[in-house]
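Colleague: I would like to go through this model with you. Could you put it on the screen?

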Amino acid sequence: MKETYGVIERPGLLAGIHDGVELLADAFVPDGAGPFPAFVMVHGGAFVKGDRSSYHPWGRFLAEHGYVGLSAGYRLASAGNPTFPQAIWDVKAAVQLLRGRAAELRVDPGRIGIMGGSAGGNLAAMVALTAQDPQFANPYDDPHGDQGAAVSVVVPMAGLMDLVACWEYDRGSRSPGDSPLERYLGGTPLDQRRRYYEASPVFHADAANAAGTSWLVTWGERDEVVPPAANSRSEEHTSELQSL
């Protein structure tokens with residue numbers, strides 16, 4: 001029988017201050033000697049809502065089973081306030097926090113993964129696939145900005161992988177101007193097409209960008225919000241996703 005652990009909770013850790021916004025994260029640490037593998041957990045909410053507390057149950061579960069869980073916050077988009085690529089930078093700051101405070105949080109810095117659902121799955125995949133891309137490097141002077149933001153394991157759950165396809169699917173059920181993706185990216189694919197591509201993990205999915213990472217891509221067969229046929233199971237993108 002595998003060992004289970006008590007859980008040490010470390011709420012409100014500061015990952016950085018980005019454009020005046022404090023980015024906080026909550027750590028769940030196994031009550032053992034460690035060092036332990038760890039996951040950064042990224043909440044969903046269509047890039048416009050949600051908060052890090054939604055992953056607290058996951059954090060406690062992971063800690064009980066010998067993983068450090070870090071539930072990270074990031075800036076949310078609103079009308080006239082797009083947050084791409086800022087949200088990616090924010091989540092990378094959480095990875096850097098975990099690595100920079102590895103000894104204190106009993107983390108093995110060589111075994112850090114990232115997981116997230118829906119919009120969080122998109123951000124998790126983007127963090128992993130852009131680890132070597134200067135365009136997506138965290139530009140802020142954070143407390144642990146000297147640390148790397150690469151991860152070795154990626155678990156996107158019902159993640160938005162192709163944002164053009166997601167926008168096309170989503171507009172059938174929303175009023176004009178009521179698209180979270182338009183808030184996140186600052187417009188529609190008709191006037192921000194490059195941003196839609198650059199914010200889509202499938203755009204970055206190649207052998208070089210995925211080197212050194214292991215992936216578990218999951219989805220819901222009856223998901224009516226993030227349809228797997230346009231993302232995780234899309235025939236168009238099967239080769240890209242299988243190559244990861």
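Modeller: Let us begin with two helices: the axes of α2 and α4 come within 10 Å and cross at roughly 70 degrees. Axes are lines fitted to C-alpha atoms, for helices over the stretch in contact, and angles run from 0 to 180 degrees between N-to-C directions. Helices (H or I, at least four residues) and strands (E, at least two) are DSSP runs, numbered from the N terminus.

Colleague: How are α2 and α4 oriented to each other, then?

Modeller: They are roughly perpendicular. Angles of 65 to 115 degrees count as roughly perpendicular.

Colleague: Which residues of α2 and α4 make the contact?

Modeller: Helix α2 contributes Ala87, Ile88, Val91, Lys92 and Val95, and α4 contributes Leu123, Met126 and Val127. Contact means heavy atoms within 4.5 Å. By class, seven residues in this contact are nonpolar, none is polar and one is charged. Here Ala, Val, Leu, Ile, Met, Phe, Trp, Tyr, Cys and Pro count as nonpolar, Asp, Glu, Lys and Arg as charged, and the others, Gly among them, as polar.

Colleague: Before we go on, what kind of model is this?

Modeller: It is a predicted model, in which local features need pLDDT of at least 70 and side-chain atom pairs count only at pLDDT 80 or more, while totals for chains, interfaces and linings use all residues. Residues are numbered from 1 along each chain as its sequence is written, and side-chain values use heavy atoms, with hydrogens and water left out.

Colleague: What else does leucine 123 touch?

Modeller: Leaving aside neighbours within four places in sequence, leucine 123 is in contact with Val42, Phe47, Tyr74, Ala87, Ile88, Val91 and Tyr184. Leu123 is also among the residues with the most contacts inside the largest nonpolar core, together with Val40, Leu70, Leu98, Ile114 and Tyr184. A nonpolar core is a set of buried Ala, Val, Leu, Ile, Met, Phe, Trp, Tyr and Cys residues joined through side-chain atoms within 4.5 Å.

Colleague: How many residues does the largest core have?

Modeller: It has 56 residues. Apart from it lies another core, of six residues, including Phe39, Met41, Met115 and Val155. Buried residues make up 52% of the 244 in the chain; buried means under 20% relative accessible area, exposed over 50%, and partly exposed in between (1.4 Å probe, protein chains only).

Colleague: Turning to the sheet, in what order do the strands run?

Modeller: The seven strands form an open, mixed sheet in the order β1-β2-β4-β3-β5-β6-β7. Two strands pair if DSSP finds at least two bridges between them. Strands β1 (7-18) and β7 (214-215) are at the edges with a single partner each, so one side of each has no neighbour in the sheet.

Colleague: How does β7 pair with β6?

Modeller: Strand β6 (residues 153-157) and β7 pair in the parallel sense over two bridges, and valine 153 stands opposite serine 214 of β7.

Colleague: Where are the cis peptide bonds?

Modeller: One runs from glycine 34 to proline 35, with omega near 0 degrees, and proline 35 lies in the loop between β2 and β3. Another joins phenylalanine 84 and proline 85, with omega about 5 degrees; proline 85 is in the loop between β4 and α2.

Colleague: What about phi of aspartate 19, and is the residue buried or exposed?

Modeller: Phi of aspartate 19 is near 55 degrees, a positive value in a residue other than glycine. Aspartate 19 counts as exposed, at 57% relative accessibility.

Note on methods:
Parallel < 35°, antiparallel > 145°, perpendicular 65-115°, else oblique.
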